[in-house]
Amino acid sequence: MMMNTTLAQLRELKLEGLAAGLQDQLSQAGVSSMSFEERLALLVDREMHWRQDRWMSS
């Protein structure tokens, strides 16, 4: 339940790439073995790419 709230808040903050990345991480088994810093870096990278892709397509 808490994760649903977090995902909704990320979307409300317009962090769509980060929300999508978090959902992907939650569905991947091996991600739990990664450190917090590694997972956070992947999420930030996902948000950056999402914004770049959105900017390029507009």
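A residue is classed as partly exposed when its relative accessible area lies between the 20% limit for buried and the 50% limit for exposed residues. In this predicted model, R51 falls in that class because its relative accessible area is 45%. Its salt-bridge partner is E47, with the closest N and O atoms 2.7 Å apart. E47, by contrast, is buried, at a relative accessible area of 7%.

A search of the whole structure identifies 3 salt bridges. One of them joins the side chains of R46 and D24, at an N to O distance of 2.5 Å. This pair connects distant parts of the chain, since R46 belongs to helix α3 and D24 to helix α2, 22 residues apart. R46 is partly exposed at 33%, and D24 is likewise partly exposed at 30% relative accessibility. A salt bridge is also formed between the side chains of E16 and R11 (3.6 Å, N to O); the relative accessible areas are 29% for E16 and 31% for R11.

Helix α2 comprises 12 residues, 16-27, and spans 17 Å between its first and last C-alpha, close to the expected 16 Å. Its buried residues are G17, L18, A19, G21, L22 and Q25. The cover over these buried positions includes α1 (2-12) and α3 (36-57).

Conventions. Residues are numbered from 1 along each chain as its sequence is written. This is a predicted model: local features need pLDDT of at least 70, side-chain atom pairs count only at pLDDT 80 or more; totals for chains, interfaces and linings use all residues. Side-chain values use heavy atoms; hydrogens and water are left out. Helices (H or I, at least four residues) and strands (E, at least two) are DSSP runs, numbered from the N terminus. The expected span of a helix is 1.5 Å times one less than its number of residues. Buried means under 20% relative accessible area, exposed over 50%, partly exposed in between (1.4 Å probe, protein chains only). Contact means heavy atoms within 4.5 Å. A salt bridge is a side-chain nitrogen of Lys or Arg within 4 Å of a carboxyl oxygen of Asp or Glu.
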